Amino acid sequence: MKREKVFALINQERAYQDKKWGGHDSDNTLIPLDWLYFMVRYLNKGVDKFDDTEYQMIQIRKVAALAVAAMEYIDTPKREI
(Lines give C-alpha, C1' and ligand atoms only; values in the text may rest on other atoms or scores of the structure.)
Protein backbone atom coordinates (compact mmCIF):
# COMPACT_ATOMS: atom_id res chain seq x y z
CA MET A 1 0.00 0.00 0.00
CA LYS A 2 1.33 3.43 -0.89
CA ARG A 3 2.07 5.92 1.87
CA GLU A 4 -0.61 8.33 0.60
CA LYS A 5 -3.27 5.65 1.10
CA VAL A 6 -1.88 4.87 4.57
CA PHE A 7 -2.10 8.55 5.52
CA ALA A 8 -5.67 8.69 4.17
CA LEU A 9 -6.62 5.76 6.44
CA ILE A 10 -5.03 7.52 9.40
CA ASN A 11 -6.87 10.76 8.57
CA GLN A 12 -10.18 8.86 8.39
CA GLU A 13 -9.46 7.26 11.75
CA ARG A 14 -8.60 10.68 13.26
CA ALA A 15 -11.92 12.09 12.03
CA TYR A 16 -13.71 9.13 13.61
CA GLN A 17 -11.82 9.57 16.88
CA ASP A 18 -12.62 13.29 17.02
CA LYS A 19 -16.31 12.60 16.43
CA LYS A 20 -16.46 9.79 18.99
CA TRP A 21 -14.33 11.30 21.76
CA GLY A 22 -14.97 15.04 21.44
CA GLY A 23 -11.89 16.22 19.58
CA HIS A 24 -10.06 19.27 20.81
CA ASP A 25 -12.06 19.72 24.02
CA SER A 26 -11.02 16.32 25.37
CA ASP A 27 -7.71 15.79 23.55
CA ASN A 28 -6.33 19.10 24.76
CA THR A 29 -6.46 17.88 28.38
CA LEU A 30 -4.31 14.77 27.91
CA ILE A 31 -0.64 14.27 28.73
CA PRO A 32 1.80 12.00 26.86
CA LEU A 33 1.29 9.18 29.36
CA ASP A 34 -2.46 9.21 28.63
CA TRP A 35 -1.81 8.81 24.92
CA LEU A 36 0.69 6.01 25.53
CA TYR A 37 -1.84 4.23 27.74
CA PHE A 38 -4.47 4.35 24.98
CA MET A 39 -1.96 3.05 22.43
CA VAL A 40 -0.85 0.19 24.67
CA ARG A 41 -4.48 -0.84 25.20
CA TYR A 42 -5.07 -1.12 21.45
CA LEU A 43 -1.74 -2.84 20.86
CA ASN A 44 -2.57 -5.41 23.52
CA LYS A 45 -5.94 -6.05 21.87
CA GLY A 46 -4.10 -6.80 18.64
CA VAL A 47 -1.61 -9.08 20.34
CA ASP A 48 -4.42 -10.99 22.04
CA LYS A 49 -5.88 -11.93 18.65
CA PHE A 50 -2.64 -13.39 17.32
CA ASP A 51 -4.46 -15.31 14.55
CA ASP A 52 -6.47 -12.40 13.08
CA THR A 53 -4.38 -10.20 10.79
CA GLU A 54 -7.27 -7.92 9.81
CA TYR A 55 -8.12 -7.21 13.45
CA GLN A 56 -4.44 -6.57 14.22
CA MET A 57 -4.21 -4.05 11.35
CA ILE A 58 -7.31 -2.26 12.64
CA GLN A 59 -5.59 -1.87 15.99
CA ILE A 60 -2.43 -0.59 14.28
CA ARG A 61 -4.52 1.95 12.34
CA LYS A 62 -6.05 3.13 15.63
CA VAL A 63 -2.64 3.44 17.27
CA ALA A 64 -1.23 5.38 14.31
CA ALA A 65 -4.12 7.84 14.55
CA LEU A 66 -3.67 8.14 18.32
CA ALA A 67 -0.01 8.98 17.78
CA VAL A 68 -1.03 11.71 15.33
CA ALA A 69 -3.58 13.06 17.82
CA ALA A 70 -0.98 13.22 20.57
CA MET A 71 1.38 15.12 18.29
CA GLU A 72 -1.40 17.54 17.31
CA TYR A 73 -1.87 18.60 20.93
CA ILE A 74 1.59 18.22 22.49
CA ASP A 75 4.77 19.79 21.15
CA THR A 76 6.93 17.08 19.65
CA PRO A 77 10.64 17.52 18.99
CA LYS A 78 11.66 16.99 15.40
CA ARG A 79 14.19 14.30 14.55
CA GLU A 80 17.69 15.65 14.20
CA ILE A 81 19.50 13.94 11.38
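Here are some worked exercises on the predicted model above.

A bit of bookkeeping before you start: residues are numbered from 1 along each chain as its sequence is written, and side-chain values use heavy atoms, with hydrogens and water left out. Since this is a predicted model, local features need pLDDT of at least 70 and side-chain atom pairs count only at pLDDT 80 or more, while totals for chains, interfaces and linings use all residues.

**Exercise 1. The overall picture**

Task: Work out which secondary structure elements the protein has, and what its box, burial and surface look like.

Solution: 
- Step 1. Go for the secondary structure: there are four helices and zero strands. Helices (H or I, at least four residues) and strands (E, at least two) are DSSP runs, numbered from the N terminus. Reading from that end, the order is α-α-α-α.
- Step 2. Take the box along the principal axes; the C-alpha atoms fill roughly 35 × 30 × 25 Å.
- Step 3. Check burial. Of the 81 residues, 20% are buried. The scale here is relative accessible area: buried is under 20%, exposed is over 50%, and partly exposed is in between (1.4 Å probe, protein chains only).
- Step 4. Accessible areas come from the Shrake-Rupley method with a 1.4 Å probe, and for residues only the protein chains shown count as cover.
- Step 5. Now the contacts (heavy atoms within 4.5 Å). Among those between residues at least 6 apart in sequence, 65% join residues at least 24 apart.

**Exercise 2. Charges and the Glu13 pair**

Task: Find the salt bridge partner of Glu13 and say which helices the pair ties together.

Solution: 
- Step 1. Count charges. The protein carries 13 positive and 13 negative side chains, and the centres of the two sets lie 4 Å apart. Lys and Arg count as positive, Asp and Glu as negative; His and the chain ends are not counted. Each charge is placed at NZ of Lys, CZ of Arg, CG of Asp or CD of Glu.
- Step 2. Search for salt bridges, meaning a side-chain nitrogen of Lys or Arg within 4 Å of a carboxyl oxygen of Asp or Glu. The whole structure gives four.
- Step 3. Pick out Glu13: its partner is Arg61, with the closest N and O atoms 2.8 Å apart. Glu13 sits in helix H1 and Arg61 in helix H4 (residues 53-73), so this pair links parts that are 48 residues apart in sequence.
- Step 4. Compare the burial classes. Glu13 counts as buried at 7% relative accessibility, whereas Arg61 is partly exposed at 28%.
- Step 5. List what Glu13 touches, leaving out residues up to four places away in sequence: Arg61, Lys62 and Ala65.

**Exercise 3. A network around Arg14**

Task: Trace the salt bridges of Arg14 to Asp18 and Glu72, then name the network they belong to.

Solution: 
- Step 1. Start with Asp18: its closest N and O atoms with Arg14 are 3.0 Å apart. The two are four residues apart in helix H1, which puts about one helical turn between them.
- Step 2. Note the accessibility: Arg14 is buried at 5%, while Asp18 is partly exposed at 28%.
- Step 3. Move on to Glu72, whose side chain meets that of Arg14 in a salt bridge (2.7 Å, N to O). Glu72 is in helix H4 and Arg14 in helix H1, so the pair connects parts 58 residues apart in sequence.

**Exercise 4. A buried lysine without a bridge**

Task: Find out how far Lys62 is from the nearest side chain of opposite charge, and what else Lys62 contacts.

Solution: 
- Step 1. Locate Lys62: helix H4.
- Step 2. Look for a partner. Lys62 is buried yet has no salt bridge, and the nearest side chain of opposite charge, Glu13, is 5.5 Å away.
- Step 3. Skip neighbours within four places in sequence and collect the contacts: Glu13, Gln17 and Tyr42.

**Exercise 5. A nonpolar patch**

Task: Identify which residues make the nonpolar surface patch.

Solution: 
- Step 1. Apply the rule: patch residues have over 30% relative accessible area and no salt bridge; like charges are joined within 9 Å, nonpolar side chains (Val, Leu, Ile, Met, Phe, Trp, Tyr) within 5 Å.
- Step 2. Read off the members: Met1, Val6, Phe7 and Leu9 make a patch of about 390 Å².
- Step 3. Check one of them. Phe7 lies in helix H1 (residues 3-21) and is partly exposed, with a relative accessible area of 47%.
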